[in-house]
Amino acid sequence: MVVNRIMKDGKKSLAYQILYRAVKKIQQKTETNPLLVLCQAIRRVTPNIGVKTRRNKKGSTRKVPIEIGSKQGRALAIHWLLEASQKRPG
C-alpha cells in the first residue's frame with residue numbers, strides 16, 4: 001500500500017527504490033527494525049474520527065463527527081505521512 005502511494009506515473013520499481021532507501025536510513029539512524037518503526041508511525045497517525053458536512057432542514061450546514069474504518073484510516077495516515085515527507089527538503 002505504501003509503495004502504491006509513493007508511485008508516480010506507474011513507475012513501481014522507482015517507488016520500491018525510494019522505500020528501500022528510506023528503510024535503510026531508518027535502520028542506520030535507529031538501529032531497530034525499520035518495518036516496526038514504519039508500522040508504529042502509521043499507527044500513531046491513523047485517525048479514529050473524521051468530520052462530515054451535513055445540511056439541516058433550514059439549509060445551513062454543520063460538521064458532524066463520524067467514525068472512520070480501519071482501512072480508510074490507514075489510507076489517510078499513509079497519505080499524510082507521504083505528504084509531510086515530500087514537503088521536507090532532501
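User: Which helix gives the most to the lining of the largest pocket?
Analyst: That is α2, with 11 residues. Keep in mind that this is a predicted model.

User: Which other elements take part in the lining?
Analyst: The elements giving two or more residues are α1 (2–6), α2 (12–30), α3 and α4.

User: How many residues line the pocket, and which lie nearest its centre?
Analyst: The lining has 29 residues. Nearest the centre are Ala22, Leu81, Leu82, Ser85 and Arg88.

User: What volume does the largest pocket have?
Analyst: About 1,200 Å³.

User: And how does the lining split by class?
Analyst: It has 19 nonpolar, 4 polar and 6 charged residues.

User: Switching to helix packing. How do α3 and α4 cross?
Analyst: Helix α3 covers residues 34–45 and helix α4 covers residues 70–87. Their axes come within 8 Å and cross at roughly 110°. Angles of 65 to 115 degrees count as roughly perpendicular, so α3 is roughly perpendicular to α4.

User: Which residues make the contact?
Analyst: From α3, Ala41, Ile42 and Val45. From α4, Arg74, Ala77, Ile78, Trp80 and Leu81.

User: What classes are those?
Analyst: The contact has 7 nonpolar residues, no polar ones and 1 charged.

User: What does UniProt list for residues 2–89?
Analyst: An unreviewed UniProt entry lists them as "domain: Small ribosomal subunit protein uS7".

User: How much helix and strand is in that stretch?
Analyst: Over residues 2–89 the chain is 61% helix and 16% strand. The end C-alpha atoms are 20 Å apart.

Methods:
Residues are numbered from 1 along each chain as its sequence is written. This is a predicted model: local features need pLDDT of at least 70, side-chain atom pairs count only at pLDDT 80 or more; totals for chains, interfaces and linings use all residues. Side-chain values use heavy atoms; hydrogens and water are left out. Axes are lines fitted to C-alpha atoms, for helices over the stretch in contact, and angles run from 0 to 180 degrees between N-to-C directions. Helices (H or I, at least four residues) and strands (E, at least two) are DSSP runs, numbered from the N terminus. Angles under 35 degrees count as roughly parallel, over 145 as roughly antiparallel, 65 to 115 as roughly perpendicular and the rest as oblique. Contact means heavy atoms within 4.5 Å. Ala, Val, Leu, Ile, Met, Phe, Trp, Tyr, Cys and Pro count as nonpolar, Asp, Glu, Lys and Arg as charged, and the others, Gly among them, as polar. On a 1 Å grid over the protein atoms alone, a cavity is a set of points where a 1.4 Å probe fits but cannot get out, and a pocket is an open set with protein on both sides within 12 Å along at least five of seven lines; lining residues have an atom within 4 Å of a point. Grid points are joined across faces, edges and corners, and a volume is the space filled by probe spheres set on the points. UniProt positions are given in the numbering used here, feature names are shortened, and annotations may be inferred rather than shown by experiment.
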